[in-house]
Amino acid sequence: MSIKALCLLASVMFPLSAFALATDREQPIEIHADAFNGDEVKQTAVYSGNVIVTQGSMTLQGARLELRLSARGYRQGTITGNLARFRQQRDPKTPGVDEWVHARAEKIIYDEEVDTITLDGKARLARSENGVEKDITEGERIVYDMRNARSRVEGGVVNGQKQRVSTIIAPRNNNAKETKPREGADLSNATSLSPAKKD
């Protein structure tokens, strides 16, 4: 498989347009691993051993990365590990807020044909602001439909029992200015009510 074909596969692997820093797409893609095996006939490329993929602010890490081109010309990328991890900066919306998306799962799959990203096995998706996690979703499987901007979270089954999913949503910050203290006398707590004095 040619280097050009590999770069095309890699470049569409995780186009998280809803998450991504827009300038990331303009940056070169780098893939590092202990070993590489490409098969032009099967249209596959496999990287194994401490795989690290970077493009701008995006970092993807796992034990094994498989890139595949289907007979219909659609691309699919699968990275596995214990756990595979994804991290990418978001476009700034608020001055002074450094926002990132973090994902981890046993398997992370991008499927171009259906335009979905799937976090499979111990899935966790989080958003952070200035290094502090704000919004977190966890389940056995998280599927993000990029075409329709929809997500689905599923719980696993342990000992025959369906597990619940969980989401933590940070309170909204309205960036309201602090109210200035009012001028005048301080009020103190009263222990009893007394009639008003007449002049």
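I started with Arg 124, which is buried at a relative accessible area of 14%. My cut-offs: buried means under 20% relative accessible area, exposed means over 50%, and partly exposed is in between (1.4 Å probe, protein chains only).

Before going on, I noted that this is a predicted model, where local features need pLDDT of at least 70, side-chain atom pairs count only at pLDDT 80 or more, and totals for chains, interfaces and linings use all residues. Residues are numbered from 1 along each chain as its sequence is written, and side-chain values use heavy atoms, with hydrogens and water left out.

**Entry 1: confidence**

I looked up pLDDT, the predictor's confidence in each residue, from 0 to 100. The chain mean is 75, and 75% of the residues reach 70 or more. Over residues 1–18 the pLDDT is below 50, yet this stretch has 45 contacts in the model beyond near neighbours in sequence. A contact here is heavy atoms within 4.5 Å. Residues 176–196 also stay under 50, and for them the model has 0 contacts beyond four places in sequence.

**Entry 2: overall layout**

I find 1 helix and 12 strands in the chain. These are DSSP runs numbered from the N terminus (helices are H or I, at least four residues; strands are E, at least two). Of the 199 residues, 33% count as buried. I also noted that residues 24 or more positions apart account for 46% of the contacts with a separation of 6 or more. The accessible surface comes to about 13,800 Å², with 48% of it belonging to carbon and sulfur atoms; these areas come from the Shrake-Rupley method with a 1.4 Å probe, and for residues only the protein chains shown count as cover.

**Entry 3: back to Arg 124**

What does the side chain of Arg 124 make a polar contact with? One partner is the side chain of Glu 133, at 2.9 Å. Another polar contact of 2.9 Å joins Arg 124 to the side chain of Glu 138. For a polar contact I need a pair of N or O atoms within 3.5 Å; within protein, one must be able to donate a hydrogen and the other to accept it, and residues adjacent in sequence count only if both atoms are side-chain atoms.

The Glu 138 pair is also a salt bridge (2.9 Å, N to O), meaning a side-chain nitrogen of Lys or Arg within 4 Å of a carboxyl oxygen of Asp or Glu. Glu 138 lies in strand E8 (residues 132–145) and Arg 124 in strand E7 (residues 116–129), so the pair ties together parts that are 14 residues apart in sequence. Glu 138 is partly exposed at 31%. Leaving aside neighbours within four places in sequence, Arg 124 is in contact with several residues, including His 102, Arg 104, Leu 119 and Ile 142.

**Entry 4: other salt bridges**

My search of the whole structure gives 12 salt bridges. In one of these, Asp 135 pairs with Arg 127, the closest N and O atoms being 2.8 Å apart. Arg 127 counts as buried at 15%, while Asp 135 is partly exposed at 23%. Salt bridges that share partners join Glu 99, Arg 127, Glu 129 and Asp 135 into one network.

I also checked Glu 66 with Arg 64, where the closest N and O atoms are 3.1 Å apart. Glu 66 is buried at 18%, and Arg 64 is partly exposed at 36%.

**Entry 5: nonpolar core**

Which residues have the most contacts inside the largest nonpolar core? They are Leu 60, Leu 65, Ile 79, Ile 108 and Leu 119, in a core of 21 residues. Strands E3, E4, E5 (75–89), E6 (99–111), E7 and E8 each supply at least two residues of this core. By core I mean a set of buried Ala, Val, Leu, Ile, Met, Phe, Trp, Tyr and Cys residues joined through side-chain atoms within 4.5 Å.

I found a cis peptide bond joining Asn 82 and Leu 83, with omega about 0°; Leu 83 is in strand E5. Asn 50, in strand E3, has phi near 50°, a positive value in a residue other than glycine. Asn 50 is exposed at 52%. Gln 43 also has a positive phi, near 55°, and lies in the loop between strand E2 (35–39) and E3.

Last, I looked at Gly 56, in the loop between strand E3 (44–55) and strand E4 (58–69). The C-alpha atoms of Gly 56 and Asp 24 are separated by 4.6 Å, although the two are 32 residues apart along the chain.
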